[in-house]
Amino acid sequence: MARKTRRIVLAAPAAGLPTRATFRMEEAALAPLGDGAALVRTICCSVDPGVRARLSDGASYAPPLKPGEMIDAFCVGEVIESANPRFAAGDLVALGGGWAEHVVFPGRGYIQKIPHRRLPLSVWIGALGVPGMTAWFGLKRVAALEAGARVLVTSAAGPVGATAGQIAKAMGAARVVGVASGAEKADWLRSAGFDAVVDYRRTDDLGAALAAASDGGYDVLFDNVGNAMIDAALPLMRIGGRIVVSGQVADYNTPAAERPGLRNTAYFIAQRLRMEGLVVFDDLRSFPQAQEELSAMIEAGAVKTREVRYHGLEAAPQAFIDLFTDQSAFGRRIVEIGAEP
Ligand SMILES: NC(=O)c1ccc[n+]([C@@H]2O[C@H](COP(=O)([O-])OP(=O)(O)OC[C@H]3O[C@@H](n4cnc5c(N)ncnc54)[C@H](OP(=O)(O)O)[C@@H]3O)[C@@H](O)[C@H]2O)c1
């Protein structure tokens with residue numbers, strides 16, 4: 001008899017902000033294990049703003065999901081059965097899976113064994129997973145961050161931004177400014193080493209607020225938010241400045257034709273600026289070394305992590321919607337699905 005799992009799939013493409021009706025829970029047969037495959041029992045999974053791009057037609061490095069297809073997520077899980085010589089039953093892994101109680105790793109794609117249990121397992125889909133690796137390679141490879149740099153990080157209290165700001169400090173940045181909404185986020189970011197925090201919701205002149213916080217401009221902008229934020233920061237970039245395009249969380253729910261554009265491109269000439277995006281999986285081979293270094297920073301308390309926990313697979317859609325609507329809680333949103341061994 002075919003084995004089954006409960007999973008959450010796309011019910012109907014989203015227009016604007018996704019709602020609960022965008023998603024549907026179902027029971028589905030698991031694919032048989034071909035060569036190289038592994039069956040994984042999910043312990044916890046993530047909700048990721050970039051997945052919004054797959055819920056309707058739009059530019060993304062992955063094609064849009066069709067109704068009935070499982071929603072992507074990063075999962076921590078336990079291998080239950082393996083047809084892959086690299087994994088054995090009982091191994092703990094982090095992998096690209098989905099909102100499901102069991103997932104089949106098909107033999108190709110993102111999976112790695114969790115090398116130690118000195119940190120909570122969920123960290124492997126947070127600061128040591130894709131969000132942390134995006135921060136790491138965005139700063140190290142794309143921005144080529146140098147000691148003494150002045151860095152601006154947007155959506156700074158999110159898992160990517162918070163890790164980026166703290167890594168920048170640890171790499172010797174002279175000043176790190178974060179953009180985030182609300183006093184609680186600002187307090188936490190200062191406790192994590194940010195030098196200043198700008199609340200974009202409480203200013204009607206974002207450019208002036210970013211200038212006041214900057215102490216002479218920025219060498220690196222690590223942007224998670226989108227064009228309006230980049231445009232506000234462009235006049236503040238110092239000569240040779242680098243803009244890392246990590247994500248566009250403010251624009252994902254807006255139709256392409258209505259998204260803000262960039263007006264301040266003249267600064268690219270005058271200030272010799274460079275703007276570059278990244279897809280973190282391009283750096284996959286270098287994850288283990290980066291994770292070892294970052295893990296040591298987290299264990300030493302030099303990089304702080306923060307989570308919001310949701311219980312049960314059925315909580316995943318609300319956790320996802322909260323990414324765009326809930327300002328009251330912050331940190332990596334983790335959906336607990338199965339028991340830890
Ligand atoms: N390039 C890659 O390979 C890669 C990989 C992973 C993630 N990413 C991207 O990295 C970015 C950050 O990801 P994350 O997981 O850490 O999520 P996140 O930053 O925590 O995203 C949610 C946060 O975004 C902010 N936000 C929501 N709507 C906004 C709006 N309209 N304007 C400004 N800010 C808004 C809110 O915080 P505040 O209100 O406090 O700002 C919210 O808490 C995302 O855009 C994601 O797609 C890229």
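The centres of domain 1 and domain 2, taken over C-alpha atoms, are separated by 27 Å in this predicted model. The domain assignment of the protein chain, automatic or taken from a database, places residues 4-126 together with 305-336 in domain 1 and residues 130-280 in domain 2. Residues are numbered from 1 along each chain as its sequence is written, and side-chain values use heavy atoms, with hydrogens and water left out. Because the model is predicted, local features need pLDDT of at least 70 and side-chain atom pairs count only at pLDDT 80 or more, whereas totals for chains, interfaces and linings use all residues.

Where the two domains meet, 18 residues of domain 1 are in contact with 14 residues of domain 2, contact meaning heavy atoms within 4.5 Å. About 1,500 Å² is buried between domain 1 and domain 2, with 62% of it on carbon and sulfur atoms; buried area here is the accessible area (1.4 Å probe) that two parts lose on being put together, summed over both. Of the area that domain 1 buries against domain 2, Arg306, Gln327 and Phe330 supply 34%, more than any other three residues.

Across this interface the rule finds 1 salt bridge, defined as a side-chain nitrogen of Lys or Arg within 4 Å of a carboxyl oxygen of Asp or Glu. A salt bridge also joins the side chains of Glu184 and Arg306, at 3.7 Å from N to O. On the side of domain 1 that touches domain 2, the residues divide into 8 nonpolar, 7 polar and 3 charged, where Ala, Val, Leu, Ile, Met, Phe, Trp, Tyr, Cys and Pro count as nonpolar, Asp, Glu, Lys and Arg as charged, and the others, Gly among them, as polar.

In the whole structure, the search finds 22 salt bridges. One of them pairs Glu299 with Arg118, with the closest N and O atoms 2.8 Å apart. Because Glu299 lies in helix H7 and Arg118 in the loop between strand E7 (111-113) and helix H1 (130-142), this pair ties together parts that are 181 residues apart in sequence; helices (H or I, at least four residues) and strands (E, at least two) are DSSP runs, numbered from the N terminus.

Arg41 is found in strand E3, which spans residues 38-46. Although Arg41 and Glu78 are 37 residues apart in sequence, their C-alpha atoms are 5.2 Å apart in space, and their side chains are joined by a polar contact of 2.8 Å. Such a contact is a pair of N or O atoms within 3.5 Å; within protein, one must be able to donate a hydrogen and the other to accept it, and residues adjacent in sequence count only if both atoms are side-chain atoms. A polar atom of the Arg41 side chain also lies 2.9 Å from the backbone oxygen of Ala339.
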